Amino acid sequence: MAKFLITIFSIIFVSFAIFFSESNRETHSLFYVRGDDIHEIAKKDGSFGTAPAFFIVEKISIIENKIPTGEYEIKKNETAISVILKMISGKGVIRKLTIPEGHTVKMILDVINNNPLLFGKISESLQEASLAPDTYFYKFGDSKVSIIQKMKNQMEKIRIRFASENKTNLSCKDIMILASIIEKESGNIEEMKLISSVFHNRLKIKMRLQSDPTVIYALTEGYGKMDRNLTRQDLWFESPYNTYRNGGLPPTPICCPGVEAIKAAMNPERTDYFYFVAEKNKRKHIFSKEYNTHLKAIKAAKSAS
């Protein structure tokens with residue numbers, strides 16, 4: 001410990017004596033450190049190979065070995081001393097990862113696996129709706145598994161938080177399934193309880209839910225996103241997730257729902273609605289009690305300019 005402190009003070013002294021001048025960079029820049037590759041990475045970056053901070057680190061190996069893996073920032077006019085102390089203390093750049101409501105597990109895995117700042121592999125088989133949509137913070141070098149664990153922990157907290165608020169006859173599992181359908185049907189929070197009422201009303205009389213997102217989930221094998229519109233033929237696609245062919249709820253959720261969709265599934269509006277169709281702009285829906293009224297709403301939605 002004493003040797004390390006002496007080395008630190010020596011570096012600071014050398015820095016003051018030789019490299020106290022400012023970096024004179026026009027703006028801030030980022031560089032990455034991973035294990036013992038600090039100077040090699042710095043040189044590959046093309047900007048910092050001759051910077052005073054890296055010169056000192058390269059010459060004194062005990063410092064190089066004490067620098068944690070991370071992403072660091074050199075600000076405009078920042079001194080070599082500041083850069084070195086920042087690296088030694090591990091004060092790297094904090095980044096954020098936002099997962100939108102309605103993403104499926106496969107979509108979330110795509111986001112994480114395609115992030116070059118996260119390391120490792122995810123070998124765990126994840127269930128739909130086991131990950132909570134939210135904003136998560138991470139640093140270069142964090143494992144992909146650690147991000148997944150944060151999402152799982154957050155979803156578990158949500159489940160526990162709202163478990164006592166379920167006033168319906170549905171189980172917690174079925175609430176999550178219904179919430180995932182509500183989430184995919186509309187991102188408009190103000191409508192979620194109305195949409196929930198339609199599905200609850202249908203479930204009560206054993207009427208098929210006939211939800212397009214369940215068909216899309218089936219057609220895309222759990223990916224949940226298509227680059228084309230559904231056709232009438234698609235509605236006959238054979239799958240336990242197709243709620244046009246099968247009664248009741250699908251076997252699992254079809255996405256990772258947000259808090260508002262979960263609350264809506266537990267607390268639907270009291271209505272007589274059995275149908276809804278998206279308006280032309282798809283921002284809102286038209287709700288109907290009778291099928292004939294619903295057909296008129298569909299016609300009006302299609303003809304709206």
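User: First up, is E124 buried, partly exposed or exposed?
Analyst: This is a predicted model, so every value here is computed from it. E124 counts as partly exposed, at 39% relative accessibility.

User: What does E124 form a salt bridge with?
Analyst: With K152. The closest N and O atoms are 2.6 Å apart.

User: Where do E124 and K152 lie?
Analyst: E124 lies in the loop between α6 (105–113) and β4 (135–138). K152 lies in helix α7, residues 144–163. So the pair ties together parts that are 28 residues apart in sequence.

User: And K152, buried or partly exposed?
Analyst: K152 counts as partly exposed, at 24% relative accessibility. The cut-off for buried is under 20%.

User: How many salt bridges does the structure hold?
Analyst: It holds 4. Another of them joins E71 to R95, with the closest N and O atoms 2.8 Å apart.

User: Which strands do E71 and R95 lie in?
Analyst: E71 is in strand β2 (residues 70–74), and R95 is in strand β3 (residues 95–98). The two residues are 24 apart in sequence, so their pair ties those parts together.

User: E71 then: buried or exposed?
Analyst: Buried. E71 has a relative accessible area of 1%. R95 counts as partly exposed, at 29%.

User: What about K263, which residue does it form a salt bridge with?
Analyst: E260. Here the closest N and O atoms are 3.7 Å apart. The cut-off is within 4 Å, so the pair counts as a salt bridge.

User: Where do K263 and E260 lie?
Analyst: Both are in helix α11, residues 259–266. They sit 3 residues apart, about one turn of the helix. K263 is partly exposed, with a relative accessible area of 30%. E260 also counts as partly exposed, at 34%.

User: OK, switching to rings. How many aromatic pairs are there?
Analyst: The structure holds 6. One of them is F199 with F276, and it is edge-to-face. The centres are 5.8 Å apart, with 80 degrees between the planes.

User: Where are F199 and F276 in the chain?
Analyst: F199 is in helix α9 (residues 192–204). F276 is in strand β5 (residues 275–278). They are 77 residues apart, and the pair links distant parts of the chain.

User: Is F276 buried or exposed?
Analyst: F276 counts as buried, at 15% relative accessibility. F199 is buried too.

User: What else does F276 form an aromatic pair with?
Analyst: With F287. This pair is tilted: 5.8 Å centre to centre, 40 degrees between the planes. F287 lies in strand β6 (residues 285–288) and F276 in strand β5, so the pair ties together parts 11 residues apart in sequence. F287 counts as buried, at 15% relative accessibility.

User: Which residues form one aromatic cluster?
Analyst: F199, Y273, F276 and F287.

User: Last topic, backbone. What is phi of K206 near?
Analyst: Near 60 degrees, a positive value in a residue other than glycine. K206 is in the loop between α9 and α10 (212–219). K206 is exposed, with a relative accessible area of 77%.

User: And where is Q210 found?
Analyst: In the loop between α9 and α10. Q210 has a positive phi of about 50 degrees, although it is not a glycine. Q210 counts as partly exposed, at 36% relative accessibility.

Key: Residues are numbered from 1 along each chain as its sequence is written. This is a predicted model: local features need pLDDT of at least 70, side-chain atom pairs count only at pLDDT 80 or more; totals for chains, interfaces and linings use all residues. Side-chain values use heavy atoms; hydrogens and water are left out. Rings of Phe, Tyr and Trp (its six-membered ring) pair if their centres lie within 6.5 Å; planes under 30 degrees apart count as stacked, over 60 as edge-to-face and the rest as tilted. Helices (H or I, at least four residues) and strands (E, at least two) are DSSP runs, numbered from the N terminus. Buried means under 20% relative accessible area, exposed over 50%, partly exposed in between (1.4 Å probe, protein chains only). A salt bridge is a side-chain nitrogen of Lys or Arg within 4 Å of a carboxyl oxygen of Asp or Glu.
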